[in-house]
Amino acid sequence: MDGFTFCAPTKVVFGRDTIPSVGGHIAEHGVSRVLLVFGGGSVRRNGVYDAVTASLQAAGVAWEEFWGVQPNPSLAQVEAGVDKARAYGAQGVLAVGGGSVIDCGKAIAAGCFLDDYWTYVETRKLLQKALPVFTVLTLSGTGTEMNEKAVITNEPEAKKWSVSGLCICPRVTIIDPQVQADVPWHLTMTGGIDAMTHVMENYFRGRLADAATGFFHEETTLQLNEGLLRGIVQSLNVLQRDPAHYGARASLAWAACWGLNGLTVAGLSGGDWTSHALEHALSGRYPHIPHGAGLAVLFPSWMEEVCDVAPAVFARFARTVWGVGQSGGEAAGVAGAMDADPQAMRALAREGVAATRRAFAAWGAPADLSHWGVTAEDVPEMVRNAFGYRALGRLVPLNEEQVTRIFMRVL
Ligand code: NZQ
Ligand code: ZN
């Protein structure tokens, strides 16, 4: 198990009717003027806007509103938000929405201290300074509500790149799962799949320590990850039938929050993150493609490409997450002894990939890129774009031919 630093400084206020507390939390931080950042209007329909503004008023926090952040937020929106925050003299940012709104809010908070946001992103340095960020989450999946990242698309250059820094970690995040009761199934499902892939990007770097017992070097982290994955799968299965089920909404929200706050990568050498790089190349070029839906297509294709190289951990995943080879089909808590026969282990690993595809299909996720009109002609540019950001593949270093195959397999 590799050494690591774990720091998750966000205060999470979770549960029913927690939104009215947001103004008080902001005031406690000595902030009295905030830029309030929203998306396209879902918060007006579900009462969140009214609850947030009433709370700010009661706490004596003044605000200016910035509306219209689009899914896969753009650099132009960040720049407009920075102008507004500066003109208003905002002392903090309160982002109210899903991952796109929160990421745009984080980027605005940092952009207030930068001459040029994008030039800084291209330096790939950690952010050092930002206005304090507060969030009210309305859609679970990305994990941005409890982490130090923001992902913004420079549309003219088709570059969807992230930036990090503890200074943009939300100071306080409010999660009331009740406000997700009306989230349409396709958004619930793509959020859940996004959260699963955050865990899986890390999970497959687990290394078998002892084949006789099935013990892995990173056993604790792997078991936490398996628990999160099973929790997400079971929550999605319930929500597909019963969208307003509070327990399932709450379980999914809590798992997604932990999916990308540092817990799931602890000891796992930074995870792999190829699929996210490929998805960002995809939705950087086609901003109408939802992030989680792109991952539903690309992640299984990446698994198929690499599972033979680390069959032990893929076989373990098949058993513990999907219950493949377990009596009664129930997922087991621990992997158990590993199969000594390498061929059998590889077959089990592949069954895990197939089980992932089956579950995504049963939830109605898209299975190929032609769903959005992407063709083979688009692939070389997306491959170039993905390699333009960083080297790909920590579990298995990938070359252009392999990355091309990952895209082509799902056309
Ligand atoms: O804009 P509004 O009207 O609010 O509608 C949104 C949007 O149309 C709607 N929505 C949100 N809450 C709702 C709701 N509809 C009904 N009821 C509610 N309670 O959902 C639509 C999609 O919202 P969006 O914020 O785009 O989705 P998501 O949360 O999946 O965020 C995706 C963005 O996050 C980035 C993605 O790349 C993408 O840009 N990510 C951020 C990460 C991070 N910062 O750590 C990591 C992720 O891997 C990801 O890259
Ligand atoms: Zn993601």
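User: Which residues does UniProt assign to the domain "Alcohol dehydrogenase iron-type/glycerol dehydrogenase GldA"?

Analyst: The unreviewed UniProt entry places that domain feature at residues 9-177. In this predicted model, the end C-alpha atoms of residues 9-177 lie 21 Å apart, and the span is 34% helix and 24% strand. The protein has 15 helices and ten strands.

User: What makes the radius of gyration agree or disagree with that of a compact globule?

Analyst: A compact globule of 411 residues would have a radius of gyration near 22 Å, and the protein has 21 Å, so the value agrees with that of a compact globule. Along the principal axes, the C-alpha atoms of the protein fill a box of roughly 65 × 45 × 40 Å.

User: How do helix α4 and helix α5 pack, and at what angle?

Analyst: Helix α4 (residues 75-88) and helix α5 (residues 99-111) pack at an angle of about 55°, with their axes 8 Å apart. The crossing in which α4 passes α5 is right-handed.

User: Which residues make the contact between α4 and α5, and what is its make-up by class?

Analyst: On α4 the contact is made by Gln77, Val78, Gly81, Val82 and Ala85, and on α5 by Cys104, Ala107, Ile108 and Gly111. By class, the contact of α4 with α5 has six nonpolar and three polar residues, with no charged ones; Gly counts among the polar residues, and Gly81 and Gly111 both take part in the contact.

Definitions and conventions. Residues numbered from 1 in each chain as written. Chains lettered and ligands numbered in written order. Predicted model: local features only at pLDDT ≥ 70, side-chain atom pairs only at ≥ 80, totals over all residues. Axes fitted to C-alpha atoms, helices over the stretch in contact; angles between N-to-C directions. Helix = DSSP H or I, 4+ residues; strand = E, 2+ residues; numbered from the N terminus. Left-handed = near helix turned anticlockwise from the far one by under 90°. Contact = placed C-beta atoms within 7 Å. UniProt positions renumbered as here; feature names shortened; annotations may be inferred. Rg over C-alpha atoms; globule rule 2.2 N^0.38 Å.
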